[in-house]
Amino acid sequence: MADLHDMLASYVADGSLPGAVAVLAGGDRTEVAVVGSASVGGTPMARDSIFRFASITKPITAAAVMILVEDGRVALDDPVGRWLPELADPKVVRTPASPVDDVVPAARPITVFDLLTSCAGYGWASDFTLPAIQALFPVQKDGREVASFPPPDVWMADLARVPMLYQPGEAWLYDTCSTLQGVLIARVSGQSLPDFLAERVFGPLGMADAGFEVPAAKRARFTSSYRVDPAGGLELADAPDGQWRTLPAFPLGNGGLAGTADDWLAFARMLLAGGTVADGRRLLTTDSVRLMTTDHTTSRQREIGALFLEGQGWGFGGSVDIAPVDPWNVPGRYGWVGGTGTSAHITPSAGTIAILLTQVAADSPVAPGWMRDFWRYAASAC
């Protein structure tokens, strides 16, 4: 197999990617590949180029919830209705295929644990035609369009009018629970999500470029974002002076962060170190990291959202490999992928980290070939 640089450069050469930054780290070894350009025909990519993280934001948001748990501000078995009163008395469709006006009361309250495990009853199932899923689309919009979301209180009121697809704890459903975690953090802490993350996560970890906006002074390092057009080429989805130039009305815990490969690397190193920061301080307890990176799902829960999972279960905020479906599935590998073309995982058993940041949006829950080739390379290199 070609080395990491050459493998990624081949996808730049054939026009699949404008550029990419990848990092593989384990023990004393770190392999970094920087290829292509920050925009089509633009300046060369750099290691400190800034990307839209999309859903690799989710593990960071879950870690912030666990900080509040360790602070004693909230407990895993707490009903979330105390802080999210909009969800204090939720309704659930009688069956997943029922019309949205055929509802029953929730059998029990939604808990913090339900949100962290993505089993609260809200989110995407494999079948997008279900009436309750169709009703969710106007509320749980495309997280890559961060400017399309209203303020959190308005969004919460809109969500509360949509019935849950399953009873709390019954099913793993994608995405919405991470958005709810962001609202929970803000309401429990009394700070905005950006302020809480900056103070309690980004500052201690040295994640210098992570944030929900990219200020003017950093915008020269901010990559353009693309999607695949109907002819198979690339069309611009968001420019550096686009949606991330100002703080959005709703900083999204499910996918609103931007940052560099080294930002996520710092977060990953903390997880591999059992919650300890490089200088010896502790961000999370070992127990919290273990909870985050342990699969909490049943086969029945996973079956309902199987479109998004390949040999994986779910911990807190990220997937956990449980079956060797593909060569890169190592039991216990934790992380996730982002719809803007990002991927970030740790493999605790091997002590390794694999991060890939690109600018091309996914058009399917199935990872594109270049991402799968990266995972294959990472698995062979570890």
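## Helix 5 against helix 6

In this predicted model, helix 5, which covers residues 152–160, packs against helix 6, which covers residues 176–189, at an angle of about 135° and with the two axes 11 Å apart. Because angles over 145 degrees are needed to count as roughly antiparallel, helix 5 and helix 6 are described as oblique to each other, and their crossing is left-handed.

On the side of helix 5, the contact is made by Pro 152, Asp 153, Trp 155, Met 156 and Leu 159, while helix 6 contributes Thr 176, Thr 179, Leu 180, Val 183 and Arg 187. Sorted by class, the residues in this contact of helix 5 with helix 6 comprise 6 that are nonpolar, 2 that are polar and 2 that are charged.

## Helix 1 against helix 11

Where the two helices meet, helix 1 supplies Leu 4, Met 7 and Tyr 11, and helix 11 supplies Gly 369, Trp 370, Asp 373, Phe 374 and Tyr 377. The contact of helix 1 with helix 11 has 6 nonpolar residues, together with 1 polar and 1 charged residue.

## Arg 372 in helix 11

Helix 11 spans residues 369–381 and also holds Arg 372. The relative accessible area of Arg 372 is 15%, and because the limit for a buried residue is under 20%, Arg 372 counts as buried.

The side chain of Arg 372 is joined to the side chain of Glu 310 by a polar contact of 2.8 Å. Setting aside residues up to four places away in sequence, Arg 372 touches Asp 326, Trp 328, Val 366 and Ala 367 as well as Glu 310.

## Arg 245 in a loop

Arg 245 is found in the loop that lies between strand 7, residues 234–238, and strand 8, residues 258–259. Its relative accessibility is 43%, so Arg 245 is classed as partly exposed.

Apart from neighbours within four places in sequence, Arg 245 is in contact with Glu 213, Val 214 and Arg 219. Of these, Val 214 is 31 residues away from Arg 245 along the chain, yet the C-alpha atoms of Arg 245 and Val 214 are separated by 5.4 Å.

Terms used: Residues are numbered from 1 along each chain as its sequence is written. This is a predicted model: local features need pLDDT of at least 70, side-chain atom pairs count only at pLDDT 80 or more; totals for chains, interfaces and linings use all residues. Side-chain values use heavy atoms; hydrogens and water are left out. Helices (H or I, at least four residues) and strands (E, at least two) are DSSP runs, numbered from the N terminus. Buried means under 20% relative accessible area, exposed over 50%, partly exposed in between (1.4 Å probe, protein chains only). A polar contact is a pair of N or O atoms within 3.5 Å; within protein, one must be able to donate a hydrogen and the other to accept it, and residues adjacent in sequence count only if both atoms are side-chain atoms. Contact means heavy atoms within 4.5 Å. Axes are lines fitted to C-alpha atoms, for helices over the stretch in contact, and angles run from 0 to 180 degrees between N-to-C directions. Angles under 35 degrees count as roughly parallel, over 145 as roughly antiparallel, 65 to 115 as roughly perpendicular and the rest as oblique. A crossing is left-handed if the near helix is turned anticlockwise from the far one by less than a right angle, and right-handed if clockwise. Ala, Val, Leu, Ile, Met, Phe, Trp, Tyr, Cys and Pro count as nonpolar, Asp, Glu, Lys and Arg as charged, and the others, Gly among them, as polar.
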